[in-house]
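Let's take a walk through a protein model together.

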Amino acid sequence: MSWEAVIGLETHVELSTESKMFCGCPARFESEPNTNVCPVCLGLPGALPVPNREAINRIMRIGLALNCSITRQPVFHRKNYFYADLPKNYQISQFDLPVCVDGFLEVGGTDPGRVGIERVHQEEDTGKSTHMGGDGRISGAEYSLLDFNRSGVPLVEIVTRPDLRSAAQARAYGQELKLLVEALGVSDARLEEGSIRFDANVSVRSGPEAPLGTKVEIKNMNSFRSLERAVTYEIGRQTHLLSQEGTVVMETRHWDEEAGATRGGRVKEGSSDYRYFPDPDLVPMEIDPAWESHIRASLPELPAARRTRYEQMGVDPTMAATLVAGESGLAGLFEEAVNLGAGPSQAANWVTGEVVAALRKASINSVTETGLTGSALAELLEMIGQGKLSGSAAREVLTGVIAGEGGSGQVAAARDLIQISDTEMLAEVIEEVLAAHPDEFSRLQGGEQKLVGFLVGQVMRRTRGKADPKLAGALIAERSSAR
Amino acid sequence: MSIPSIVEAARALREGSITSVGLARQVLYRIAMVEAQLHAFLTVDTDGLMAGAEEADQAFAEGRDIGPLQGIPIALKDNLTTRNLETTAGSKILSGYVPPYDATVVKRLRQAGALIVGKTNLDEFAMGSSTENSAFGPTRNPWNTDRVPGGSSGGSAAAVAAGMSLGGLGSDTGGSIRQPASLCGVVGVKPTYGTVSRYGLIAFASSLDQIGPITHTVADAVLLLEVIGAPDPLDSTSYPHEMEPVGARLGRGLEGIRVGVASQLGGAEAVEPDVEAAFFQMVSAMERAGATTLEVDLPSTEQGLSAYYLIAPAECSANLARFDGVRYGLRVNGDTTEQMMSRSRADGFGPEVTRRVLLGTFALSAGYHEAFYGQAQKVRTLIREDLARAYRQCDVLVSPTSPTTAFRLGDRTDNPLAMYMSDVLTIPSNLAGHPAANIPIGLDRHDLPIGFQVMAPALEEALMFQVASAVEELAGFDTTVPFDPSHGLRGGVR
């Protein structure tokens, strides 16, 4: 039997708005515990929520970028469940009328395709529990500490249709979504800090036509690698179970990164009853077409479009993808250099190759923290084109520019790296070399071509590496055949 | 020495014929005399009141006048949060809870110069019609201490009626201002939903709750509402626009006013004969004063009661979820977090609150949601349509406020459904979000006050007050509770 995995992803994206979703507290949760809090996000008696308009702008940006329709009158519902770090013991979320519905995201990678987006809804984040004593889990803890700084931070949940069929696809979707969110500038989009969190719903069935199997929700993946590993593991676990005529239990499982396995949690008895009902503290929102078109008009170029544009400029597709996926400064550097006349293919080559390598070597996270600008790169490439810099000299110039020593020309001059590509000047040096090595020269004239290399080496030595070796070789060859 | 109305006191303070300290002492004297019998207050802020009064007198002396309520003592229902002043909502689960912030209405009162006398008793979380559901013991009716003051704002109504405060604020979810005002013989107003900020009102049923004044006179209610009623950016459901000043039409009489009497409200089955007689006498008096009266049909009234008792519990089941022992209030420890929460709630909530939370949780549950909560919302629409139809024929609607006068303590505590019937005439205004007022119009055969309700369309407070003040004048009812300094209040059956 050929088993088929069916995967859907739920992605929580924390918005980087100034203030929280329903109150004026700063939406920063790395501050001292319980300092960015007020009666509203602490759920004190009598406090009332007021929606953050900027958060609505941002969810609309996400929804429109995901080709969704915008709901004219979205409604906030209360999702009721008791949890110590949920201060009202209900979360303000959305139910049947989310802000965005029915979109898709084109995903590349080894198995490209279109992933359906069911809905994109707005909600508020919970506080954070830290369980003290024991192994950090709530069971066995001596006591728990609660920090409500994160409580009420705006959260957007993006729910796919069950369109994904492999762990690699799931990863590719996750990566593309992260790029999209970054490009939209709506979130810090840092997985390791939890500003993007993935939950995967995984089931396995006996073939593409078979009815859907029992689904298992997996949580706690905080990198793309762990997303892919967790889904791979879960598909394997379920396939194994089903092959042994066992049954998959509907449950939520947690990915254990160290063990490389998902671990069972509490079994879900049917679907939880959250007793959703419209939050009477909030009036229905009205998103008119003018608001929607204003947001649509403000959307930046999205990653897919950018990749296509780069490819049309002649950039190799892999490099185009690297530029779009890399830290945002790289693509900016590339674009600026090209605008100043650099060849797109060569510029892409340098940015994704030498520049990335140099930054890594210097342990620098973003090119924007360095002295390397688009104009410095364009100048560098121009000097290479003009034969003024050798490959190694160009790398040295790059290092100097990154270190903030100045523009490419300036660094090359200061470090004395400009090649002698002046024919007359080189010819003089060559005459000196030939005079010093008459024996080798006559053997060259006699047909021993490999001696060109030796003589070029002597030229390089006399010029302390600054001669253009290609030009020197050509001049020596010309001189030897001239007789 | 009788307690002046707010309007009289405000004038006398500015004339210098009385002082704020004098007013405060008068109020504290009354409290000393009768509070032991009534238990209208959960907290009396004697020090705050006296300090505030001294400040107010100082301000008057220096010619500073920060607002119309400068130096006037006001009592607050204990479900309004007050900074640094214990706020319990009448519940054990909030016993000892001291809020870090003032409700918007409290802020506005303070900004207008009002002094806070204290926090008044209520049915736990405003759930009840007699103030017997308070975790801290019932309040008694100043007209007869064997009787309930009504509820849930029974403490504010009793405090104002007994002269322990010049005015008070209550909250009205299904009649919780108007019904106790009726039973205590004072004026009580539930404004249009959204015109008074709910920020800082400990929520019972968010889509129905509304804060309003309880006073001796209609003019006092107007004054208080002018102070507390304004758009509030902290309440999303607050009405954001300017409205006609609520007192704009006071004194214009009844000439040409079309008064609708709903057959379902006026002569409803459970209405006591004395209440019915007084009500129709007033309707006739209104006709003589120039109003035209007509009978209107409100067919959905009875379904309204059922809908109310689904919507309010459903909302309260979520609103009261936050009381879990984690961050504030009562905590009863357990072996797990769930057990701690569950024990805290079981021990912290009284039987009526527990009943409604369970009812609401059930009504919202999967599989029952549509049959209960969904249907109830549809009935709410029917009520609105009923009223809209009625208001095409008439300007205001009138009814008795409560089918009965004050009943005896304990009479209805074993029969929740009979208790729920107390609200049948007041609930339609909450379901529709419309304004309504109680005006005392007389006494029944037991010398217990009878209340008259004036209802108006949304945002028509000015019209409602025009009619209410005409009714007040026609009734000529003396709201002063018979009070003998040597014997205190009357007890027992007369």
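We will go from the whole of one chain to the places where parts meet, and then to a few single residues.

Keep in mind that this is a predicted model. Of the 494 residues in chain B, 61% count as buried.

Helix α2 of chain B, residues 20–38, bends by about 40° at Ala32(B). Several of its residues are buried, including Leu23(B), Val27(B), Ile31(B) and Val34(B). What do the buried residues of this helix pack against? Their partners in chain B include the helices α1 (6–15) and α3 (46–61), as well as the strands β1 (41–44), β2 (73–77) and β3 (115–120). Just after the helix comes His39(B), which sits in the loop between α2 and β1 of chain B. His39(B) has a positive phi of about 55° although it is not a glycine. It is worth a second look because most residues other than glycine have a negative phi. His39(B) counts as buried because 22 other C-beta atoms lie within 10 Å, and the cut-off for buried is 20 or more.

The bond from Gly151(B) to Ser152(B) is cis, with omega near 10°, whereas most peptide bonds are trans. You can find Ser152(B) in the loop between β3 and α5 of chain B.

Next, look at where the two chains meet. Here 34 residues of chain B are in contact with 25 residues of chain A. On the chain B side, α10 (301–319), α11 (337–348) and α12 (351–364) each supply at least two residues. The largest share, three residues, comes from α10(B). Sorted by class, the chain B side has 19 nonpolar, nine polar and six charged residues.

Let's cross over to chain A. This chain is divided into domain 1 (4–291), domain 2 (301–414) and domain 3 (423–482). The centres of domain 1 and domain 2 of chain A are 37 Å apart. Their contact takes seven residues from domain 1 of chain A and six residues from domain 2 of chain A. Which element gives the most to the domain 1 side? It is helix α2 of chain A, residues 167–184, with five residues. That side is made up of four nonpolar, no polar and three charged residues.

What lies inside? In soluble globular proteins, nonpolar side chains tend to be buried together. The largest nonpolar core in this model has 259 residues, and Leu377(A), Ile74(B), Val396(B) and Val454(B) touch the most other members. The greatest contribution to this core comes from α2(A), with 10 residues. Domain 1 and domain 2 of chain A both give residues to this core, so it lies between them. Leu377(A) is in contact with residues beyond its sequence neighbours, among them Leu333(A), Ala337(A) and Trp350(A). A second, separate core of 13 residues includes Val433(A), Val459(A), Ala472(A) and Ile476(A).

Ala348(A) is in helix α8, residues 344–361, and is buried, with 26 other C-beta atoms within 10 Å. Its contacts include Val315(A), Met319(A) and Phe334(A). Arg275(A) lies in the loop between β13 (261–267) and β14 (277–278) of chain A. It has a positive phi of about 45° although it is not a glycine, and it is buried, with 24 other C-beta atoms within 10 Å. Is Pro162(A) buried or partly exposed? With 18 C-beta neighbours inside 10 Å, Pro162(A) counts as partly exposed. It is in the loop between β9 (154–160) and α2 of chain A, and it touches Val6(A), Ile7(A) and Gly8(A).

Key:
Residues are numbered from 1 along each chain as its sequence is written. Chains are lettered from A and ligands numbered from 1 in the order in which they are written. This is a predicted model: local features need pLDDT of at least 70, side-chain atom pairs count only at pLDDT 80 or more; totals for chains, interfaces and linings use all residues. Domain bounds come from an automatic or database domain assignment. Two residues are in contact if their C-beta atoms, placed from the backbone, lie within 7 Å. Helices (H or I, at least four residues) and strands (E, at least two) are DSSP runs, numbered from the N terminus. Ala, Val, Leu, Ile, Met, Phe, Trp, Tyr, Cys and Pro count as nonpolar, Asp, Glu, Lys and Arg as charged, and the others, Gly among them, as polar. The bend at a residue is the angle between axes fitted to the seven residues ending there and the seven starting there. A residue is buried if 20 or more other C-beta atoms lie within 10 Å of its own, exposed if 12 or fewer, and partly exposed in between; C-beta atoms are placed from the backbone. A nonpolar core is a set of buried Ala, Val, Leu, Ile, Met, Phe, Trp, Tyr and Cys residues joined through C-beta atoms within 7 Å. Lists of a residue's contacts leave out its neighbours within four places in sequence.
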